[in-house]
Amino acid sequence: MLSENIKSMRRSRGLSQQELAVKLNVVRQTVSKWEQGLSVPDADLLISLAEVLGTSVSTLLGERVGEPEADGMKALSEKLEVVNLQLARGKVRRRRALRWLLAALVAATVMLYAILCALESPYLGWNYGDPETAVLGVGFHAAEWLFVRVAPIVLIGALAGFFLVREKE
């Protein structure tokens, strides 16, 4: 019974034979012999062994101790379930944030287009003879030119992304 109890308690604590041997200041083969029933620890080692395994000497010498694998597996599965739930919630939050970002990009593109339409390209009527107006007109013209070329791609991409990241029920 002692050999079975040492082995089951060591495993339930998650210790290897080597780790238990180091804690007791013996070699691994000694722990292996105890677990195989080929030898028994002396009184001092038995007390140290009980302390390391977190039990009493009478429990080590007494009844057979069953391995609490079912409880350990249940606890592990509960922890994994919690982690899985947290990951799923994080994924939902990221999808929602991305969807709002894409909706904002669509709205900004449409608003900028509306502003440009309302202004009716004022840079064409600007006096380019005045250096300050010329620089401002050229800058505005470049921004409008870039917007006209890039906006359709951004708008289509943002709309497609918006619908692709929708929540599926």
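Student: What relative accessibility does T55 have, and into which class does that place the residue?
Tutor: The model is a predicted one, and the value for T55 is computed from it. Residues under 20% count as buried and those over 50% as exposed, with partly exposed in between. T55 has a relative accessibility of 22%, so its class is partly exposed.

Student: How many helices and how many strands does the chain have?
Tutor: Read from the N terminus, the elements run α-α-α-α-α-α-α. The count for the chain is accordingly seven helices and zero strands.

Student: Among contacts between residues at least 6 apart in sequence, what percentage joins residues at least 24 apart?
Tutor: For the chain, among contacts between residues at least 6 apart, the share joining residues at least 24 apart is 61%.

Student: Which two residues form the salt bridge found in the structure?
Tutor: A search of the whole structure finds one salt bridge. The two partners are 25 residues apart and link distant parts of the chain, one in helix 1 and the other in helix 3 (residues 28–36). The closest N and O atoms are 2.4 Å apart, within the 4 Å limit, so the pair qualifies as a salt bridge: R10 and E35.

Student: Are R10 and E35 buried or exposed?
Tutor: R10, in helix 1 (residues 2–12), has a relative accessible area of 8%. E35, in helix 3, has a relative accessible area of 10%. Both values are under 20%, so the two residues share one class: buried.

Student: Which residues surround R10 and E35, not counting those up to four places away in sequence?
Tutor: R10 is in contact with L15, S16, Q17, L20, E35 and L53. E35, for its part, touches S3, I6, K7, R10 and Q17.

Student: What is the relative accessible area of N25, and what is its phi?
Tutor: N25 lies in the loop between helix 2 (17–24) and helix 3. Its relative accessible area is 71%, which means that N25 is exposed. Most residues other than glycine have a negative phi. N25 is not a glycine, yet its phi is positive, at about 60 degrees.

Student: Why is the pair F162 and F163 classed as it is, and what is that class?
Tutor: The structure holds one aromatic pair. The ring centres of F162 and F163 are 5.5 Å apart, which lies within the 6.5 Å limit for a pair. The planes stand at 80 degrees, over the 60 that the class requires, so the arrangement is edge-to-face.

Student: Which residue lies over the face of F162?
Tutor: F162 is paired with F163, and F163 is partly exposed at a relative accessible area of 46%. The face of F162 has a residue over it at 4.0 Å from the ring centre, namely R99.

Student: How much accessible area does the nonpolar patch of M73, L76 and L80 have together?
Tutor: One member, L76, is found in helix 6 (residues 69–119). L76 counts as partly exposed, at 44% relative accessibility. Together, M73, L76 and L80 form a surface patch with an accessible area of about 320 Å².

Student: What distance separates the C-alpha atoms of V110 and L155?
Tutor: V110 is placed in helix 6 and is partly exposed, with a relative accessible area of 45%. Along the chain, V110 and L155 are 45 residues apart. Their C-alpha atoms are separated by 8.2 Å.

Student: What percentage of the accessible surface of the chain belongs to carbon and sulfur atoms?
Tutor: Buried residues make up 22% of the 169 residues in the chain. The accessible surface of the chain comes to about 12100 Å². The part belonging to carbon and sulfur atoms is 63%.

Conventions: Residues numbered from 1 in each chain as written. Predicted model: local features only at pLDDT ≥ 70, side-chain atom pairs only at ≥ 80, totals over all residues. Heavy atoms only, no water. Phe/Tyr/Trp six-rings, centres within 6.5 Å; stacked < 30°, edge-to-face > 60°. Buried < 20%, exposed > 50% of the residue type's maximum accessible area, 1.4 Å probe, protein only. Lys NZ or Arg CZ within 6 Å of the ring centre and 35° of its normal. Patch = residues over 30% accessible without salt bridge, like charges linked within 9 Å, V, L, I, M, F, W, Y side chains within 5 Å. Areas by Shrake-Rupley, 256 points an atom, 1.4 Å probe, with all protein chains shown as cover. Salt bridge = Lys/Arg side-chain N within 4 Å of Asp/Glu carboxyl O. Helix = DSSP H or I, 4+ residues; strand = E, 2+ residues; numbered from the N terminus. Contact = heavy atoms within 4.5 Å.
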